[in-house]
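Reader: I have just opened this structure and would like to understand the words used for it. Could you take me through them?

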Amino acid sequence: MSAAPGLARRLLAHRQGGPGLLLLLAVLLLALFGPWLWPGDPWEMAAPPMLWPAEEAANPLGSDVMGRDMLTGLVSGARVSLLVGFVSTLIAAGLGILVGALGGFHGGRADAALMRVTELFQTVPTFVLAVVLVAVFRPSVATAVLAIGLVSWPATARLVRAQVLALRGRDFVLAAETFGMGTARLLCTQILPNALPPVVAISSLTIAHAIQTEAALAFLGLGDPNVMSWGTMIGSGREQLVEAWYICGLPGLALVVTVLAFNLLAEGLNDCLNPHLRRR
Amino acid sequence: MAGPGALSGAGVRRPLFRAWLPWTWTPWRWIPWTWIPWGRLAQLAPVLFGIATLNFLILQLAPGDVVDVLSGEAGAATPETMAELRRSFGLDQPLPVQYLRYLGHLASFDLGHSYRLNMPVRELILTRLPPTLLLMLSALVLAVSLGALAGLLAARHAGRWPDLLLSGLTLLSYALPTFWLGLMAIVLFSARLGWLPSGGMLTIGAGHAGLAWLRDLLAHLVLPALTLSTFYLAVYARLVRSAMLELHGADFIRTARAKGAGEWRITLRHAFRNALLPMVTMAGYQAASLLSGAVLVETVFSWPGLGRLAYEAIRTRDLNLLLGILFFSSILVVIVNLGIDGLYRLVDPRVTTGARRI
């Protein structure tokens, strides 16, 4: 991790990575310190219903049809979105690295079988699969995280497989194999450290997609009934869309900013972590 | 080698009306067999098998069994009737037998019964299919045509303001959630400006016919199709832009320029035709995600298709219907991919079906 400060500096200087990092920092700060600045239960009635933003100093972003404070809801939504995004991407990256590394390293039949499974998950409409999984196993944050993680690993698996295939025959790997290194040690100490940088970049994209998927699930009514997320807010504001569009609009804007941050960050990471591109 | 006599056919008695006789009627000779992607059709079977297995696994891992779900919906059921139901579903059989029975049902395209709507799932899905296909196809056509146009413009003005504007809009549209974009489009175009209807497929009770019907349908189609196409439009614009820039220094472009061809002629007839290839490939990759997007867009715009059906199934906890939609939409993706393969051969005659992997 000695490269971390250098990487942060390079990212900040990057045309897309810099704004991405700053936007992400803003969302992170909102999620971390929001509950102290604007305490309260996002489900509690705290104001007269349908208060427009900037109408009342106590509720700067207004209130929804039940009189729930919009800002408290947005803070809670930021926590949920980031949590679901990070944990489900952790699951997806773990699955993807496992499948891709095993397939790329062993080749042959194991590889063919694993690729078949990957292709299967790329054929099934992933959002429909996530909907089915969450609906069958009852909506909650845990099922959403598991379902999103389970449907978003194929891209990572393909990437890792390609990387491992490219590194498998390199001299330093063959040398380590000659020393008598076992498969697991060879993968973990020689191949994967060199294969991981693009995985970090693609994981940023996976987080962005996971956050969108979580919001879409909650919008369809498959969110955790006890947790206020941006998708839940948009879904419940649909009834008053014409009279009070801000109820749907504000959480959607928050969603756009967060997803944009991770997309920009992915572009920056892709350029900054790829030494061949940097040299050009 | 046959002698010259054999060629003349003098000694052969031919039936006069050969083409009319039923046993000499050979329709299979008219089918272009070599055009059919056999390799891909053979890949179809394991994919279908995999999806069916996935469905069965989900059903097995679900809390409770099918009968629990059904009786839960129906209210209090006595243990006797539940046992009777389990027997009729074959749930008292060992797991491998259940699995084989399930595969058999799916193979004969029997997706079960929706107890909520009291209709076979297959019929429900098939009646909701045409609107979804219409929506997906219009979104795809919009994305391809407008995206190609935007990409062409950006590539011709690379580095100048149309290009920068496009890259900004692309970034934004990657981040826009489809369902939210649809809601905001309703607010603007339907509630504020009053230009377009906010949902549905046809004006209820209007009883239009002919041209008026078509105009009504198109008015309802514009917003959902544009909403669904936004993301893909950006993807195609980016793709066409980079393909065109890559082709910029190619030999055959220089030849065309040396011949004295005009700049637009070079762009359209020489470069763009080659930029079509990655676009077709991309369309194949996007079939699944387009279907996923349709679920959300249909929900927002009350478009009476498969996605709306899925939403209703979620609302009523009709799990069997939901699983049927998952199975069927996966098949749809496979079929679309087959079609894209055919299109690929049409666009690029160098391609043989065996050479391309998914």
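Reader: What makes Leu322(B) a residue that touches Val132(A)?

Author: Happy to start there, and please keep in mind that the model is predicted. Two residues are in contact if their C-beta atoms lie within 7 Å. Leu322(B) touches Val132(A) and Ala135(A), and in its own chain Ala310(B), Ala313(B) and Ile314(B), leaving aside residues up to four places away in sequence.

Reader: How do you know which residues of chain B are in contact with chain A?

Author: The 7 Å cut-off between C-beta atoms decides it. By that test, 39 residues of chain B are in contact with 37 residues of chain A. Helix 13 of chain B gives the most to this side, with 9 residues.

Reader: What makes a residue on that side count as nonpolar, polar or charged?

Author: The residue type decides: Leu and Ala, for example, count as nonpolar, Lys as charged and Gly as polar. Sorted this way, the side of chain B that touches chain A has 33 nonpolar, 5 polar and 1 charged.

Reader: And how much of chain B is buried?

Author: Buried means that 20 or more other C-beta atoms lie within 10 Å of a residue's own. Of the 358 residues in chain B, 32% are buried.

Notes: Residues are numbered from 1 along each chain as its sequence is written. Chains are lettered from A and ligands numbered from 1 in the order in which they are written. This is a predicted model: local features need pLDDT of at least 70, side-chain atom pairs count only at pLDDT 80 or more; totals for chains, interfaces and linings use all residues. A residue is buried if 20 or more other C-beta atoms lie within 10 Å of its own, exposed if 12 or fewer, and partly exposed in between; C-beta atoms are placed from the backbone. Helices (H or I, at least four residues) and strands (E, at least two) are DSSP runs, numbered from the N terminus.
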